[in-house]
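Visitor: I should like to go through this model point by point. Please show it first.

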Amino acid sequence: MTSDRDEILQAVSSAVLAVTRHLSVREVLQVIVRSAQRLLDARYAALGVPDEDGSFAEFVAEGLTDKQWDAIGPLPRQHGMLGAMLREGTPVRLPDLRKDDRFEWWPKAHPVMKDFLGVPIRDGEQVLGIIFLANKRTGGGFTREDQELLTLFAAHAAIALTNARLYEHGRELAMLEERNRMARELHDAVTQKLFSLRLSAQAAGTLLDKAPDKAAAELERVQRLAGEALSELRAVIVELRPAELDRHGLSETLRKHVRLLDRLHPPVVAFECGDLPPLDPAVEVAMLRVAQEALHNALRHAGARTVSVRLAYEDGKVGLCVRDDGDGFEQADSRGLGLMSMRDRAESVGGVLTVESVPGRGSTVCVEVGV
């Protein structure tokens with residue numbers, strides 16, 4: 001038992017170190033779940049942080065592949081055993097989860113879980129989340145000693161989670177202050193550029209008949225000022241990247257976005273992602289915006305039954321593809337579908353956008369960027 005306690009304190013230490021490395025809340029949750037799974041030799045481990053809408057703001061798991069996650073579908077709601085644990089705030093240890101009255105159901109693709117150990121993560125009277133394990137590998141189910149160890153772990157996990165949240169909150173406040181400063185600078189710089197641009201355009205109009213050479217010079221100035229204003233706007237837009245990208249990175253931000261859309265819309269929306277190298281912030285913003293625009297088109301206009309999003313890195317390039325089995329469209333009639341905006345975003349980071357669509361056979365929007 002003493003060696004077990006030493007091991008669990010070492011596992012907790014890794015979670016605390018994750019906070020000191022300024023990782024996100026989700027990364028701290030993943031460290032906690034992996035540590036608990038390894039410590040108690042469980043096949044499956046998960047940690048859910050509830051939101052105020054009856055679902056989970058964060059839900060991380062170990063023991064499942066990305067393909068299994070996609071097949072399972074949306075995040076769980078606060079029902080069944082998870083809901084009971086949130087309401088009761090007490091540990092649960094069962095030889096067979098399926099035989100408990102509080103168990104309701106799980107999706108068809110969900111793995112079968114038998115022996116079960118769940119412990120709330122508490123901050124005083126508040127339940128911050130639930131950590132639970134299933135299917136102990138060594139057989140015989142979870143013991144009372146396992147429950148004591150996981151309870152101890154959950155107490156330390158509460159500290160790690162609270163600290164990570166405080167760090168992220170402080171970072172968000174700093175980001176908000178910086179964004180406000182940049183907005184003021186953007187207003188001053190671009191307003192001045194646009195004012196000069198307007199004066200040059202007026203001068204060119206006045207000189208066009210009387211002095212064509214001078215008018216041409218003014219028009220060149222208009223073109224230069226417009227280019228400078230556009231460059232400044234693009235630079236600031238990259239800086240004002242979505243906070244979710246800073247928290248989770250591109251792949252996890254897209255995964256969360258896809259899961260939300262899957263819950264909100266009738267079509268099945270699936271996400272697949274391989275390992276990605278570190279990406280330039282501008283590339284992440286461009287990829288996210290292209291994906292959001294393509295998903296909007298597929299869900300609102302295409303009449304699709306299924307939509308898939310794939311993000312992958314191959315041969316020195318990161319690629320994003322959004323496919324749907326909807327109505328499709330004639331390529332010549334695609335101007336109103338935001339394709340120009342998506343193409344501009346792709347080209348702004350040196351990428352290439354391709355669109356394939358046939359009426360009645362769906363559409364595919366892909367962007368590829370060298371990294």
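Visitor: What is the relative accessible area of N135, and which burial class follows from it?
Guide: This is a predicted model, in which local features need pLDDT of at least 70 and side-chain atom pairs pLDDT 80 or more, while totals for chains, interfaces and linings use all residues. Residues are numbered from 1 along each chain as its sequence is written, and side-chain values use heavy atoms, leaving out hydrogens and water. Buried means under 20% relative accessible area, exposed over 50% and partly exposed in between, with a 1.4 Å probe and protein chains only. N135 has a relative accessible area of 15%, so the class is buried.

Visitor: Where does N135 lie, and what is its phi?
Guide: N135 is in strand β5, strands (E, at least two residues) and helices (H or I, at least four) being DSSP runs numbered from the N terminus. Most residues other than glycine have a negative phi. N135 is a residue other than glycine, yet its phi is positive, near 60 degrees.

Visitor: What is the phi of D41?
Guide: D41 sits in the loop between α2 and β1 (42-50). With a relative accessible area of 27%, D41 is partly exposed. D41 is not a glycine, but its phi is positive, at about 55 degrees.

Visitor: How far apart in space are K136 and Q37, C-alpha to C-alpha?
Guide: K136 belongs to strand β5 and is buried, its relative accessible area being 17%. K136 and Q37 are 99 residues apart in sequence, and their C-alpha to C-alpha distance is 9.2 Å.

Visitor: Which residues do ring pairs link into a cluster?
Guide: Rings of Phe, Tyr and Trp (its six-membered ring) pair if their centres lie within 6.5 Å; planes under 30 degrees apart are stacked, over 60 edge-to-face and the rest tilted. F59 and F132 are tilted, at 6.4 Å centre to centre and 50 degrees between the planes, and because F59 lies in strand β2 (residues 56-62) and F132 in strand β5 (residues 126-136), this pair ties together parts 73 residues apart in sequence. F116 and F132 are stacked, at 5.6 Å and 25 degrees, and tie together parts 16 residues apart, since F116 lies in strand β4 (residues 116-123). The cluster therefore consists of F59, F116 and F132.

Visitor: How many residues of α8 are buried?
Guide: The expected span of a helix is 1.5 Å times one less than its number of residues. For the 20 residues of α8 (residues 281-300) this gives 28 Å, which agrees with the 28 Å between its end C-alpha atoms. The helix is largely enclosed by the rest of the structure, because the buried residues among its 20 number 14.

Visitor: Which residue caps the N-terminal end of α8?
Guide: A polar contact is a pair of N or O atoms within 3.5 Å; within protein, one must be able to donate a hydrogen and the other to accept it, and residues adjacent in sequence count only if both atoms are side-chain atoms. A side-chain oxygen lies 2.8 Å from the backbone nitrogen of A282, and the capping residue that supplies this oxygen is D280.

Visitor: Which backbone nitrogen lies 2.8 Å from a polar atom of the side chain of D100?
Guide: D100 is in the loop between β3 (92-94) and β4. D100 is buried, with a relative accessible area of 16%. At 2.8 Å from a polar atom of the D100 side chain lies the backbone nitrogen of R102.
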